[in-house]
Amino acid sequence: MSLIKINDLYHTIAEDLKIYQFENESFENFQNRLIYSTLGMWILTLFSDRDFENDDLKQISKVHVTLEAQNILNSYQKIAPSIKNYFNDKSINLIEDTYIHLGYIKNSNYSFKFQEKVANIKIADRYLSINAESEKKKMRGLGLWIPASNDVINLDNYLLINESALEYTKKLIFQLKFTAFDSKYGKIELYNVAKNQWDLYSEYLANQYEYTIAKIDDGLDYIIIKQANGKKLSASLPIIYTNKCPDFVFKHEVWRIILGICAINKKNAKCFIHAQNDSITIKFKGFILPALESSIVRAMSWPKENSTNPSEFITDKSMKPALIELLSRFSLDIQEGSRNGK
């Protein structure tokens, strides 16, 4: 394909999805964003591709959707080899998972089942359309955004949990049953709230704060360690927070508790929002969000560096109020500034 035809293709995509190149953004990064959102749009379309299936079943083979989406990505890689640095073998599955979490499609073992409920969600001054067959094609990341509408639900009514990470964690701790802590529990890693990273267990680190969260055997269990009267007590978190939980809804849910522990110890995890003329970059330091909220971020913005990056995103400056409304629920220290540090 000639360079002129490629540029015409990108221009058509940009106009169709209302995605435009940011000021001072490289063409390669703009190209990555365009193809990322285009893949999302193709997958939404494939969810409704049932011509070869029994339409009465209202479902589509997962294998069909994934293979077709991969073929589409392969086609783009032929005309733009550089996007191989942005996409990887997990990209398609992550996009599918994002749409499952958001409710664009129902999930079963081997099929995607037809969406039964649609919604328009008001987040600050923006409206996210959870409708796989929506005619509104303005995309931010993987999300479809519509003009102001009266037919909406608020973010509070859409999310499973509306309390801040701090309050949610305090209530959970109150319900736990603590017993004497055994440091020979297994492989123990403590979340170092000062550095926002997992460190191997040490008495020194465990003694630093009133409450510490520990990961046992790479996530098979999580425990809260509490200092009380010079002794260490511990309690396991419910199974929904561990790797043993089979429920897709609770993927990464333990991070709500981790962020709550940071806030309890007055070491709130940091989120940086850097503004440029027409865009903002959002960066999480040492943490990720639970599956549903993480998927909303992916419906608001584009991952930087690579499509599966969970910690740094870029989006229109106009999306900032909506992002802050979402992120403020996690008891974060949200630090704002421009690229020159002001």
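## Basis

The model is predicted: local features need pLDDT of at least 70, side-chain atom pairs count only at pLDDT 80 or more, and totals for chains, interfaces and linings use all residues. Residues are numbered from 1 along each chain as its sequence is written, and side-chain values use heavy atoms, with hydrogens and water left out.

## Largest pocket

The largest pocket holds about 560 Å³ of space. Its lining consists of 20 residues, and those closest to the pocket centre are Ile100, His101, Leu102, Gly103 and Ile105. A pocket here is an open set of points on a 1 Å grid over the protein atoms alone, where a 1.4 Å probe fits, with protein on both sides within 12 Å along at least five of seven lines; lining residues have an atom within 4 Å of a point. The volume is the space filled by probe spheres set on the points, which are joined across faces, edges and corners.

Helix 4 (91-102), strand 2 (106-107) and helix 9 (291-298) each supply at least two lining residues. Helix 4 gives the most, with 3 residues. Helices (H or I, at least four residues) and strands (E, at least two) are DSSP runs, numbered from the N terminus. By class, the lining has 13 nonpolar, 4 polar and 3 charged residues. In this count Ala, Val, Leu, Ile, Met, Phe, Trp, Tyr, Cys and Pro are nonpolar, Asp, Glu, Lys and Arg are charged, and the others, Gly among them, are polar.

## Nonpolar cores

The largest nonpolar core has 97 residues, and Ile224 and Leu237 have the most contacts inside it. Helix 2 (residues 27-47) provides the largest share of this core, 10 residues. Another core, of 10 residues, lies apart from it and includes Leu190, Leu205, Ala206 and Ile216. A nonpolar core is a set of buried Ala, Val, Leu, Ile, Met, Phe, Trp, Tyr and Cys residues joined through side-chain atoms within 4.5 Å. Buried means under 20% relative accessible area, exposed over 50%, and partly exposed in between (1.4 Å probe, protein chains only).

Leaving aside neighbours within four places in sequence, Leu237 is in contact (heavy atoms within 4.5 Å) with residues including Leu172, Ile213, Asp221, Ile224 and Val254. Asn32 lies in helix 2 and is buried, with a relative accessible area of 6%. Not counting residues up to four places away in sequence, Asn32 touches Ile83, Tyr86 and Phe87.

## Loop residues

Ser108 is in the loop between strand 2 and strand 3 (111-113), and counts as buried because its relative accessibility is 19%. The Ser108 side chain reaches the backbone oxygen of Ser111 at 2.7 Å. Beyond its neighbours within four places in sequence, Ser108 is in contact with Lys62 and Lys113.

Glu305 is in the loop between strand 17 (302-303) and strand 18 (312-316), and counts as exposed at 58% relative accessibility. Ser331 is in the loop between helix 10 (320-327) and strand 19 (333-338), and counts as buried at 12%.

## Lys5

Lys5 is found in helix 1 (residues 3-17) and is exposed, with a relative accessible area of 56%. Lys5 and Trp198 are 193 residues apart in sequence and 49 Å apart in space, C-alpha to C-alpha.

Key: A polar contact is a pair of N or O atoms within 3.5 Å; within protein, one must be able to donate a hydrogen and the other to accept it, and residues adjacent in sequence count only if both atoms are side-chain atoms.
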